[in-house]
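Open the model in your viewer and keep the sequence panel beside it. This tour goes stop by stop, with something to select at each one.

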Amino acid sequence: MSPLHLSFYSAFILSGLGLAFHRTHLVSALLCLESMMLSMFVGLTMWSIESQTPSFTMVPIIMLTFSACEAGTGLAILVASTRTHGSDHLHNLNLLQC
């Protein structure tokens with residue numbers, strides 16, 4: 001395994017651990033998700049460059065598009081929850097309460 005692959009895998013795992021253990025604020029969860037998507041984007045970009053297949057060159061761009069949609073949706077949820085609940089703490093958000 002090259003050091004480049006090791007850095008992408010460790011970035012993904014560290015952001016996953018950050019998402020699992022530091023779930024106090026919605027902003028920190030969104031940042032961890034974005035770092036996971038960024039490491040996946042860089043990994044897919046390097047994979048498409050290494051394979052040199054023309055059909056795989058659009059895969060990172062499509063994934064980056066979905067990542068932008070996910071970020072926009074996450075920020076909309078953040079604004080809506082802050083307006084209704086007064087804070088972005090995740091323990092205030094309960095799916096059983098309407």
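Helices here are DSSP runs of H or I with at least four residues, strands are runs of E with at least two, and both are numbered from the N terminus. This is a predicted model: local features need pLDDT of at least 70, side-chain atom pairs count only at pLDDT 80 or more, and totals for chains, interfaces and linings use all residues. Residues are numbered from 1 along each chain as its sequence is written, and side-chain values use heavy atoms, leaving out hydrogens and water.

**Stop 1: the end of α3**

Select Gly86. It sits just after α3 and takes a positive phi of about 90°. Now select Ser87, in the segment after α3. Is Ser87 buried or exposed? Ser87 counts as buried, because its relative accessibility is 19%. The cut-offs are under 20% relative accessible area for buried, over 50% for exposed, and partly exposed in between, with a 1.4 Å probe and protein chains only. Show what touches Ser87. Beyond its neighbours within four places in sequence, Ser87 contacts Ser81, Thr82 and Asn92. Contact means heavy atoms within 4.5 Å.

**Stop 2: along α3**

Select residues 59–85, which are helix α3. Its 27 residues should span 39 Å at 1.5 Å a residue, and the end C-alpha atoms are 38 Å apart, so the two agree. The expected span is 1.5 Å times one less than the number of residues. Next, colour the buried residues of α3: Pro60, Met63, Ser67, Gly74, Leu78 and Ser81. Their cover includes α2 (26–51).

**Stop 3**

Select Gln52, in the loop between α2 and α3. Its phi is near 55°, a positive value in a residue other than glycine. Most residues other than glycine have a negative phi. Gln52 counts as exposed, because its relative accessibility is 69%.

**Stop 4: annotated segments**

The unreviewed UniProt entry annotates residues 6–22, 29–49 and 61–80 as "transmembrane region". Such annotations may be inferred rather than shown by experiment; positions follow the numbering used here, and feature names are shortened. Select 29–49: the chain is 100% helix and 0% strand, with end C-alpha atoms 30 Å apart. Then select 61–80: again 100% helix and 0% strand, with the ends 29 Å apart.

**Stop 5: helix α1**

Select Ile13, in helix α1. Ile13 belongs to a nonpolar surface patch that also includes Met1, Phe12 and Met40. The patch has about 990 Å² of accessible area together. Which helix gives the largest share of the patch? Helix α1 (residues 3–21) does, with seven residues. Patches join residues with over 30% relative accessible area and no salt bridge: like charges within 9 Å, nonpolar side chains (Val, Leu, Ile, Met, Phe, Trp, Tyr) within 5 Å. A salt bridge is a side-chain nitrogen of Lys or Arg within 4 Å of a carboxyl oxygen of Asp or Glu. Accessible areas come from the Shrake-Rupley method with a 1.4 Å probe; for residues, only the protein chains shown count as cover.
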